[in-house]
Each structure stands twice: as C-alpha cells, then as structure tokens.
Amino acid sequence: MHHHLRRLTPFLRRGYATKYTGKVVTTTDKGRRSVIEVSVTPPTLISDVRGYPLPRRELISKATKILQSKSSASSPDPFLDLSEFFQTLNVLPTSSEVSEILKSLKSPTLALEFFHFCPSHIPNFRHDAFTYNRILLILSNSSLPEKTDKMKEIINSMEKLGTIGNISTVNILIGAFDGVDGLEKCLELLKKWGLQMTCYTYKCLLQAYLRANELNRALQVYREIRRKGYKLDSFGYNMLLHALAKDEKVDQAYKVFEDMKRKLCEPDEYTYTILIRMNGKLGKSKEALALFEEMLLKGCNPNSMTYNTLIEALVRSRMADKSMILFSKMVENNCRPNEFTYSLILNVLAAEGQLGRMDEVVKVSNKYMNKSIYTYLVRMLSKLGHASEAHRLFCNMWSFHDKGDRDAYLSMLESLCNAGKIVEAIDMLSRTHEKGIITDTFMYNTVFSALGKSKQISHLFDLHEKMKQDGPTPDIFTYNILISSFGRAGRVEEAVRIFEELENSDCSADVVSYNSLINCLGKNGDLDEAHMRFKEMQEKGLNPDVVTYSTLIECFGKTNKVEMAFSLFNEMLAEGCCPNIVTYNILLDCLEKSGRSAEAVDFYSKLKEQGLTPDSITYAILERIQSGSQRRIRRQNPITGWVVSPLR
C-alpha cells in the first residue's frame, strides 16, 4: 500500500483532501492488523468524437477566478492558491485547458505570468503549439509597449525547447511583427518547422509587406498567390490597390483590378473610390467619371467618401458645373455632405469666380443645412478673403434661424473687422440680442482692436461709452487694446485716462498695460513720464520684459540720449532679460546716427556672440555705417516708430 501511495503523491503536501477511486485486490490477516492492497484506476476525461479530451469548464472557471481575485492578507499570492487548487485534482490541467485559462484572463501581463507558471508548477506539463499560439495571440492583440520583445522571447524559448509551431503560429507572428526583418524571421521559422504556406498565410504576408511600405515584396507575394491559384478577399485587393495607387503605378493597379473581377471578387465602393482618387490626383477626371459610372452600373452604392473623392477630382480640373451636378446627385441619393464636401464646392466656385452660386448650394442641400454648416461656410469664406459673400451668407442664416450661432457670429465679426468693414461690424454687435446671442467682452475687444488699427477714434469713443453704459464689463485685454489704440493715434490724454480707469477697476494693470502706456508716452514726446511709469511698474513688482526695455531704449535713442539708452540696456542684462534682434537694431541705429560707427561695429560683434540672426534692418544699418551715409531707413514721425501690440 505504501508503495502505491508514493506513486500517487507527486506533491509533497496537499492543502486539500484528494479523493481516489479503486478496488480491493487482496486482504491478509496478520494477527490483529489487516493489510489492504489497493490498485487505483486512473480517472479518465470525457473526449470529443475525435478522441480529444474536452476541457473541464469548472476547472477553467475556478482557475481564472483564483488568478483574477485580488490578493488578501490571508492569501497574498493568487498563484500559491492556484498551485494548491491544482493539487486537489485527480487529473492535472491539459494543454487545451491551460489555453482556455489564458484566453479567459483579461490582463496580458497576468496571462504571461500564468504561461510561465505552468511548466514549473504543473508536473510533467509542457507547452505545445496551441498554448504557444494562445499567448502569442494575446500579446499581439495587447497594447503592451514591449509586446514584440516578449513575443520574440517566447519564440526563442520554443526553439531552445525544440517545440515546433504550426502554421497558425507563423500567421500570428506575421500579423504582429513590423518591418522586413521581423517578416524574414517568420519565413525562417516556416522553413525550419517544415510548414507549407496556406492561402491565409499568403494573405497575411501580403498585408504585412504593405503595412511596412514594401510594395515590391508585396507584389512578389501577389504573383505567388496567382501562381498557386489562390485569390485574395476584397480587403486584401483594396489594400494592394491603395498601395499601387499611392505609388502611381496605374497600369499595375488596373491589372490587379481586372484580376479581382476575374477571380469573382466583386469590387466594392472602397475599390472604386481608390481608383477614382488615383485618377483624380493624376488629373484624369474623365477616367474618374467613367469608374463612377461603372460603379453605379454594378449596383454598388457610393458613400460620402466616394462622392467627395470624385468631387475632389473634378475640382482639381476646375470643373465647376460637373462638381455642382454631382453635389446635387449626392444630396438626391440621401448622402449627407460634410464640411469637406462644402469646402471642395466653395473652392471650385471661388476659383472660377462663381461664388454667387453659393445660394444654389444652400438651396440644393437645404435639408442638411444647419447652423454648424452655415458657421463653417462663413468661416471658410472669411478665410479666403470673401467678406462680402460671407456676410451675405451670414445674413441668410440670420433670417432663417430663430436662434443665432455664436461661432458663426464670431467668425463673421472677425471677417468684417479684418476686411475693414467696421461700420457693419458695429451694426452686428448691436443686433446680437435679436437671435439670443449674449454680447460678451471678447466680441467688443475684436471690434476695439479693428477700430484701433484703423485709427477710427470717434467710433472707439462711442463704443467704449456704450460698453460702460450697457455692459459687458471690460477686462484687462479691453483696457490694453484701448491704451494702445489711443497711443497709436497720438491721443496721449485719452490713453492715460483709460490707464487710470484700469487702475480704478477690478482689473490689475499688467506688463502689457505698462508697455502700451510707456510706448504711447515715449513715442509722443513725454519721455520723463514714460520713464516714471517704467519705475512705477518695477515698484509694483512687475518685471519689465524685452518689449518694455526695447520701447524705452528706442525712445531715449530718438532723443539722442545714447548713454541713457545703453544704461537701460545694461540694466536689462543685469536683470536677466534677454535682448532680441529688435533691441540690438535700435541700439545700432542709435550709435550710427550719433556718428559712433566704431562702437556700432563692436556692438554688432556682441550681437553675433549672443547667437542672434541679423535681419534686413541690421544689414541696412551696417551698410549705412560702411558707406558713411546718413540716410534714414525709418520714417521720422516718432508716433509711427516701433509700436508694441497689447495682445500677445
């Protein structure tokens, strides 16, 4: 009995009792003790019709639950629990059951850990091709950053142990490995294991080469597929056609297309779209249209991508009429145009001087027109510089929709301001409430900025007063724009008044506020006040930037206070503020005008040492120094000097 029990105990200690079945063979009496010899019948597993043992679902479920359970104080290691569970089994897990457990695990890392656990903790267990395939497939589908390296480690382990993979192993590796080197390794394994490529293997290899942008190798595989009498599916054909079209291999693309039809693999909408795009890029709009007609005759329904691709081909050939006809067909066939569709139509109409037909576009696609599309069209027309058309379209939207769209409104407002249509912009600003749009500070700032640039001071005054009266509340950008705008127009008193208004508001003056005020004061002759404001900003804990220093340095330079300009420059360096090419140009100009050419040349050397790149102004100043000319390159009006922008 002890002899048989030793054979039945592969584990040293069991955590759970194990039940055995058997029969009594002999009984012997020796005094008061009986010795019973038991012969244990090994348990058998239920098999399928082919004789393969069926996986035990309760075992797979239990093992998966143990591995995915969170560790506790009483059981910190799920693998220890799993080991104890396996000791209770009459029959240890088979390779098919291990494969199913791997499949059930949600974590690729946990699956990999269990994969390595099995041969070291399950007696006489050895991974076969099926378990290797399972872990390789899990890794290939995972998002682990090192998954390729892990897969290579597993393949190396297979080779060391002499385990031979099957064709599925190779197929998985072909789909997972990137680049030619990885694919060459797959082919080496195929040869080493004595496997024959199947139709599916050829498909995988073809697609892998195409993903690696190895078109010539992919074509070699395709020729082999044809030689063996295999055929691709529509996805494989489309992938090959796309690569050929991208490489402008037109003749080969058409050969593959004809071969596809001969193999009774029906081209789909993606097939035709690829070929239409290829012809469109080559300017062959007639061929593209012919393919579209063939597509319709075959009963293949074009999708939005197909329509957009063909419209794009027609737009390339500047065929506005045909583009409009196709656009109409698209809408008739209940295919919704998207923003790209509208951009194509808009571009061809603009190129052909037919923007007046935008009303036709809106009418044709009326059932799909919404505020979002209107907004996009307004924005596109504005960017293309067609402010009048954008405004007309915006007014159309304004008339037909009860509620306005803020994005469309802002696009239109910016377009009018950029086009210099300030009166229209102000009118729009006053009518926002009609469509439920709340006027905000950003809208006012947009118009303020345009008024400042065009120096329309009267409108600036009126709009500012309206804002103070009706709202919204000005922000720091509002004040900075107003200070800069009044300064640009030489209205120093108004600029100072706005600055004081800023100081009395809930906003705090920032570096840009002071830069705008200092620029205004300095460029308009009040240099002492500008310098005082410079000191004031420092006292308030604001650090002057390169704009502040450059502005004040230029002001001192214009009044021939060269020493003061360089004193500020040295202070700038001491404070850790790096001068830019504008700063150096100002000081070079200052030295040149003062007749200090030698110092200017030395200063230019410092510019080069700082790694700054001279610009056209730098070279113009150097040319004046060399020629000894006193010709100025800037206008002498101090107000039109180097002016800072209030917006960053």
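## Salt bridges in a predicted model

Glu294 is partly exposed, at a relative accessible area of 23%. The model is a predicted one. In it, the side chain of Glu294 meets that of Lys261 in a salt bridge, with N to O at 3.3 Å. Lys261 sits in helix H13 (residues 250-262) and Glu294 in helix H15 (residues 285-297), so this pair ties together parts that are 33 residues apart in sequence.

| Pair | N to O distance |
|---|---|
| Lys261 and Glu294 | 3.3 Å |
| Glu389 and Arg392 | 2.5 Å |
| Glu501 and Arg497 | 3.9 Å |

Two of these pairs lie within a helix. Glu389 and Arg392 belong to helix H21 (residues 387-400). They are 3 residues apart, which means a separation of about one helical turn. Arg392 is partly exposed, with 34% relative accessible area.

Glu501 and Arg497 belong to helix H27 (residues 492-503). Here the spacing is 4 residues, again about one helical turn. The closest N and O atoms of this pair are 3.9 Å apart. That counts as a salt bridge because the cut-off is within 4 Å. Arg497 is partly exposed, at 31% relative accessible area.

Which residues are linked in a network of salt bridges? The members are Glu503, Glu529, Arg533, Glu536 and Lys540.

Note on methods:
Residues are numbered from 1 along each chain as its sequence is written. This is a predicted model: local features need pLDDT of at least 70, side-chain atom pairs count only at pLDDT 80 or more; totals for chains, interfaces and linings use all residues. Side-chain values use heavy atoms; hydrogens and water are left out. Helices (H or I, at least four residues) and strands (E, at least two) are DSSP runs, numbered from the N terminus. Buried means under 20% relative accessible area, exposed over 50%, partly exposed in between (1.4 Å probe, protein chains only).
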